[in-house]
Amino acid sequence: MQPTVAAPESVTWKIHLDRSMWVAGVRALMLQALHPVAMQGVWQRSDFRSDPTGRLLRTAHFVAVTTYGSPVEADELGERVRRVHRALSFTDPATGRRHRVDQHDLLVWVHCAEVSSYLETAHRAGVALTGREVDRYIDEQSHTATYVGLSREDVPRGLADMRLYLASVRPSLRATPEARQAVRFLLWPKVPEHLSWLAPLKPLWFPVGALSYATLPAWARRAYAVLPEVPGGEAAATASLRVLRTALNQVPERYYNLVFDEATVRSADEARQRLLEAGYEIENGFRALRARTLFRAPSVPPPRAPAEA
């Protein structure tokens, strides 16, 4: 069995382990909120209003496990997510229609908003990506869609298809009062109890939230009208994003991991051990000092275990 869902040499690993994912994740939530029906599902059937930080950390855990978790670990997490979603429904107050949280079109929207946000944010932050890698990332992420109950053919498999999908859904998107409130929560989230020691540092979150907002498409920012436009426009937002990424990349891994849930950190530690057992080598620095562990793929495949009699 492969040691991790995505290999360290994959484009998924390259993007998802980048520090710009903090901005990317918040941007994805802001973009998702522009779908009026999807936003009602979050508003009515989640604890987002009382614990927006918790939702972000749960999203981070899902991304982590479906990136470097074991295939079994990812399958088990996917089954839990699907089981929870199957049991939830909500009513759209605009139409009175009842919807399931795991409704097909809503799952596709959430997937595409996330993948496009992760991709664009990482690229603008300075992660070098070729056109082929962009297509490969979107194709790799079609596998992640299967964990929430979609098939790989339900979602875009390349950049051209992603652009076509986003253009097709654009006319139905708008900033509802709930969506604007969600953005305000994300700009100044409540600090959860297990991270209460970080409360004095809460003002440091605002640049992350503001950059998430500033990197949204121009039409989305106009729809929200929650923050003033950044002086210098798109170029200034991109430059600021690169500065933030550079700063985050200086934080040693041991301290950076303190903001994640224990389960997420444990999954990373277990992934490291499985990769080492599979023949991968850690190719950078001392653990106490490095900002991110880099792995070198084995030069030869590890020997297979003898077949049982």
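Me: Why is the pair of Tyr213 and Tyr224 called tilted?
Reply: The ring centres of Tyr213 and Tyr224 are 6.3 Å apart and the planes stand at 40°, so the pair is tilted. Tyr213 belongs to helix H10 (residues 205-214) and Tyr224 to helix H11 (residues 218-224), 11 residues apart. Helices here are DSSP runs of H or I with at least four residues, numbered from the N terminus. Both Tyr213 and Tyr224 are buried.

Me: Which residues form one aromatic cluster?
Reply: Trp13, Tyr68 and Phe295 do.

Me: What kind of model is this, and what limits apply?
Reply: The model is predicted: local features need pLDDT of at least 70, and side-chain atom pairs count only at pLDDT 80 or more, while totals for chains, interfaces and linings use all residues. Residues are numbered from 1 along each chain as its sequence is written, and side-chain values use heavy atoms, with hydrogens and water left out.

Me: What makes Arg19 and Tyr256 a case of a charge over a ring?
Reply: The rule asks for NZ of Lys or CZ of Arg within 6 Å of the ring centre and within 35 degrees of the ring normal. Arg19 lies over the face of Tyr256, 3.5 Å from the ring centre. The charged end of Arg170 likewise sits over the ring of Trp219, 4.0 Å from its centre.

Me: Why is the contact of Glu133 with Lys14 called a salt bridge?
Reply: A salt bridge is a side-chain nitrogen of Lys or Arg within 4 Å of a carboxyl oxygen of Asp or Glu. The closest N and O atoms of Glu133 and Lys14 are 3.4 Å apart, so the pair is a salt bridge. Glu133 lies in helix H7 (residues 131-144) and Lys14 in helix H1 (residues 11-16), so the pair ties together parts 119 residues apart in sequence. By this rule there are 19 salt bridges.

Me: What about Arg221 and Glu229?
Reply: Their side chains meet in a salt bridge, 3.1 Å from N to O. Arg221 has 8% relative accessibility and counts as buried, while Glu229, with 47%, is partly exposed.

Me: Where do Arg272 and Glu253 lie?
Reply: The salt bridge of Arg272 with Glu253 has its closest N and O atoms 3.4 Å apart. Arg272 is in helix H14 (residues 262-277) and Glu253 in helix H13 (residues 253-256), so the pair ties together parts 19 residues apart in sequence. Arg272 is buried at 12%, and Glu253 is buried at 12%.

Me: Which residues do salt bridges with shared partners join into one network?
Reply: Arg27, Glu120, Arg124, Arg221, Glu229 and Glu234.

Me: Why is Ser142 called buried?
Reply: Ser142, found in helix H7, has 0% relative accessibility and therefore counts as buried.

Definitions and conventions
Helix = DSSP H or I, 4+ residues; strand = E, 2+ residues; numbered from the N terminus. Buried < 20%, exposed > 50% of the residue type's maximum accessible area, 1.4 Å probe, protein only. Phe/Tyr/Trp six-rings, centres within 6.5 Å; stacked < 30°, edge-to-face > 60°.
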